[in-house]
Amino acid sequence: MKKVIVIGSGIAGMTCAIRLAESGVHVTVVSPFPSERSQSVMAAGGINGVIADCENGDSVECHIADTLKGGCGISGKAAVSGLCRGAEEIINRLMKIGTVFSLDESGRLIRRAFGGQSFRRTYYCGSATGKHIVSALVMELRRYEAEGLVERRLWSCFYSALIKNKTCYGVILFDEAKGGLVAETADAVVMAVGGQNAMFGKTTGSTQCDGYAAGKLFTQGAELKNLEFIQYHPTTVETRQKRMLISEAVRGEGGRLFYNKKAFRGL
């Protein structure tokens, strides 16, 4: 494999591009805006993981069990197991490339409680975990850009895939700078375009994540998997300035959410 196109430049897209570049694969990263404007920047909470310096009694097996329970028992056990067992390596790798996690006075990682977790195993970067991770990944990705292994295509939007006989040969992009469609071929295409926040109304997610890419691929015959796990963040409070997030950390610390039944009458 010589060339891969990655659609999306958030945490998932950049991580994929970096891993490919490490293997010597040329990657074209496509996005309508710089990574600093991706949905990933808005992620505030933290990363769940069991590391060597974990809370007494905690274990990777317990993390797996909590995650499966949180998914109502329908999550893929192999995927969940791989995610939980790889968490420590991911956290260490993020720190190695410059992610600044919150530390206590002795220089140890601080962990906090999060929803669905039996122990405090969430590691975070103040209230801007996503922003710190994105900043670190941007700098790491730029090293491979300098080496010519990664090319960024900014101000470009996914329009459709180039599919024939169930094989994808590339994509068609709308180039906002040129004001027209451009075809790009590759050995593989990775879609890392986030969720469908704009479809759900009262959510704090980016309205740029509107579900177009997944919908277009579906009409082109692509199979979509695990649709029951589409994520958006519905717990918000509306103020005069904006709709604000009620963080999952609130529930992790024992907070309870209530709503006014009168407000829902007639809906």
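Predicted model: local features only at pLDDT ≥ 70, side-chain atom pairs only at ≥ 80, totals over all residues.
1. Everything below comes from computed geometry, and the residue numbers count from 1 along the chain as its sequence is written.

2. Let's start with the open sheet. Its four strands follow the order S6-S2-S1-S10, and the pairing is parallel. S6 (150-153) and S10 (188-191) are the edge strands, each with a single partner, so one side of each has no neighbour in the sheet. On average, neighbouring strands here are turned by 20° against each other, with direction ignored.

3. Now for S1 and S2 within that sheet. S1 (residues 3-7) runs parallel to S2 (residues 26-30), and five bridges join the two.

4. How many of the five residues of S1 are buried? Four of them are, so S1 is largely enclosed by the rest of the structure. The cut-off behind that word is under 20% relative accessible area.

5. Next, the packing of H1 on H5. H1 (residues 11-22) and H5 (residues 129-146) pack at an angle of about 30°, and their axes are 10 Å apart. Angles under 35 degrees count as roughly parallel, so that is the label for H1 and H5. The crossing of H1 past H5 is left-handed.

6. Which residues make that contact between H1 and H5? From H1 come Ile11, Met14, Thr15, Ala17, Ile18, Ala21 and Glu22. H5 supplies Gly130, Ile133, Val134, Leu137, Val138, Glu140, Leu141 and Tyr144. Sorted by class, the residues of this H1 and H5 contact are eleven nonpolar, two polar and two charged.

7. H2 and H3 give another helix pair to look at. The axes of H2 (residues 60-70) and H3 (residues 77-85) come within 9 Å and cross at roughly 135°. The two helices are therefore oblique to each other. H2 passes H3 in a right-handed crossing.

8. On the H2 side of this contact you'll find Val60, Glu61, His63, Ile64, Thr67 and Leu68, while H3 brings Lys77, Val80, Ser81, Cys84 and Arg85.

9. S7 (residues 156-164) and S8 (residues 167-175) pair in the antiparallel sense, with eight bridges. Ile163 sits opposite Cys168 of S8. Two residues lie between the strands of this hairpin, and Asn165 takes a positive phi near 55°. As a reminder, strands of a sheet pair through backbone hydrogen bonds, either parallel or antiparallel.

10. Last, a loop residue. Where does Asn226 lie? Asn226 is in the loop between H6 (212-219) and S11 (236-238). Is Asn226 buried or partly exposed? Its relative accessibility is 42%, so Asn226 counts as partly exposed. Asn226 and Met42 are 184 residues apart along the chain, and their C-alpha atoms are separated by 23 Å.

Key: Heavy atoms only, no water. Axes fitted to C-alpha atoms, helices over the stretch in contact; angles between N-to-C directions. Parallel < 35°, antiparallel > 145°, perpendicular 65-115°, else oblique. Left-handed = near helix turned anticlockwise from the far one by under 90°. Contact = heavy atoms within 4.5 Å. Nonpolar A, V, L, I, M, F, W, Y, C, P; charged D, E, K, R; others polar. Pairing = 2+ DSSP bridges. Buried < 20%, exposed > 50% of the residue type's maximum accessible area, 1.4 Å probe, protein only.
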